[in-house]
Amino acid sequence: MARTKVGFLASGRGSNFQAIAEAAGKGQVPIEPVVLVTNVPGAAALERAKALRVPAVVIDHAPYGKDREAWEREVVKVLKNHGAELVVFAGFMRLVTPYFIGQFPNRVLNIHPSLLPAFPGAHGVKDAVEHGSKVSGLTIHVVDASLDGGPVILQKAVPVKDDDTEETLAARILEWEHRLYPLAVRLVAEGRVAIEGRRTRIDWRGIDRPTVP
Ligand code: GRF
């Protein structure tokens, strides 16, 4: 089966990007990482891309001010020039417009460190700790124009311990992110995810299904 060409968008550390690219390198996920785009000059994800020999491009959003679409047009150009067929947000901290989604309909994925729809936005882990939740987790979903609101592909519940801080809970969630995001990308790349309105139906035949929650 031909490998799906994947473009990554990251704003920071890039550890999920690395987990997916490494899983692809081991033949566990049938994708080819074709480019990493970051909106943050100096983002640590750039170093990881270099180490993984994935082309990386910085498109700083600052000069575009409030014109999101102008920035997105540049990003889409780079993604398409590299042949991206699927776009994976990995710690990408911007909302995209319907223009961007329209360029890759149902082909943009995101990971969020909470059980959506609880705690959307930029502080999903902190908000769960401050709320006093006993359980949080992660959500991998298809991106639509809403904030962290598209159809869910995978979720995993992670316990919140009494003495957790944002850092300790984030680290516990991140371990699962690195295991489940490569799996979700595999499911999409292999055409196993059917989207029916807000719901997805996953074809698990022949795959070890992770224990949920
Ligand atoms: C992850 O916790 C992810 O859920 C959130 O941002 C973090 C990104 O980490 N969207 P990294 O950049 O992949 O290391």
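Start where domain 1 meets domain 2: across this interface there are 3 residue pairs in polar contact, both residues at pLDDT 80 or more. A polar contact here is a pair of N or O atoms within 3.5 Å; within protein, one must be able to donate a hydrogen and the other to accept it, and residues adjacent in sequence count only if both atoms are side-chain atoms. You are looking at a predicted model, where local features need pLDDT of at least 70, side-chain atom pairs count only at pLDDT 80 or more, and totals for chains, interfaces and linings use all residues. Residues are numbered from 1 along each chain as its sequence is written, and side-chain values use heavy atoms, leaving out hydrogens and water.

Next, select helix 1 (15-25) and strand 4 (86-89). Each supplies at least two residues of the side of domain 1 that touches domain 2, and helix 1 gives the largest share, 5 residues. (Helices are DSSP runs of H or I with at least four residues, strands runs of E with at least two, numbered from the N terminus.)

Now colour the two domains: domain 1 is 1-105, and domain 2 is 113-140 + 153-213. These bounds come from an automatic or database domain assignment. Their C-alpha centres lie 20 Å apart.

Move on to Asn106, in the loop between helix 4 (98-103) and strand 5. Its phi is near 60°, a positive value in a residue other than glycine.

Finish in the loop between strand 5 (108-112) and helix 5 (124-131), where you will find Pro117. A cis peptide bond joins Leu116 and Pro117, with omega about 15°. Phe119 sits in the loop between strand 5 and helix 5, and its phi, near 55°, is positive.
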